[in-house]
Amino acid sequence: NLIDKIKHNKDKFMEIQEQLEPVLENYEEAFRISYTHNSTAIEGNSLTLIDTKLVLSDKVSVGGKDLREIYEVINHDKAYHYIKQCIKDKRLCQRQS
């Protein structure tokens, strides 16, 4: 009957959704790192994509790099998270000092 088919499809959907969650989280992380790297590189930041991943994901400082560049990557990431939170909360972003 129709109710049983709907329940079955709902269960299948929930199962697929659970399986996709880690994949989507990994995609989000890869985008965040790549976006930060590309955005700061345009401004002249010399950190490589791997350096950016080390700073943001692994919380490791990169030797031989200017501290300003490391903080530039960290602050860009903070701004990215802030904008995402504003969108999620459906509120205007305010300049923070």
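Start by selecting Arg-68, which is partly exposed in this predicted model. Its relative accessible area is 48%. Which bond do the side chains of Arg-68 and Asp-66 meet in? They meet in a salt bridge, with 3.5 Å from N to O. Side chains of opposite charge can pair when their charged atoms come close.

Elsewhere, salt bridges that share partners join Glu-29, Arg-32 and Asp-77 into one network. The next stops take these residues in turn.

Select Arg-32. Is Arg-32 buried or exposed? Arg-32 counts as buried because its relative accessible area is 7%, and buried means under 20%. Keep Arg-32 selected, as both of the next two salt bridges involve this residue.

The salt bridge between Glu-29 and Arg-32 has its closest N and O atoms 2.8 Å apart. Where do Glu-29 and Arg-32 lie? Both are in helix 1, which covers residues 2-42. They are three residues apart, about one turn of the helix.

Now select Asp-77 together with Arg-32. Their side chains meet in a salt bridge, with 2.7 Å from N to O. This pair links distant parts of the chain: Asp-77 belongs to helix 3 (residues 67-89), while Arg-32 belongs to helix 1. How many residues apart are Asp-77 and Arg-32? They are 45 residues apart. Asp-77 has a relative accessibility of 9%, so this residue counts as buried.

Stay in helix 3 and select Asn-75, which is found there. Asn-75 is partly exposed, and its relative accessible area is 43%.

How many salt bridges does a search of the whole structure find? The search finds seven. Among them are the pair Arg-68 and Asp-66, the pair Glu-29 and Arg-32, and the pair Asp-77 and Arg-32.

Terms used:
Residues numbered from 1 in each chain as written. Predicted model: local features only at pLDDT ≥ 70, side-chain atom pairs only at ≥ 80, totals over all residues. Heavy atoms only, no water. Salt bridge = Lys/Arg side-chain N within 4 Å of Asp/Glu carboxyl O. Helix = DSSP H or I, 4+ residues; strand = E, 2+ residues; numbered from the N terminus. Buried < 20%, exposed > 50% of the residue type's maximum accessible area, 1.4 Å probe, protein only.
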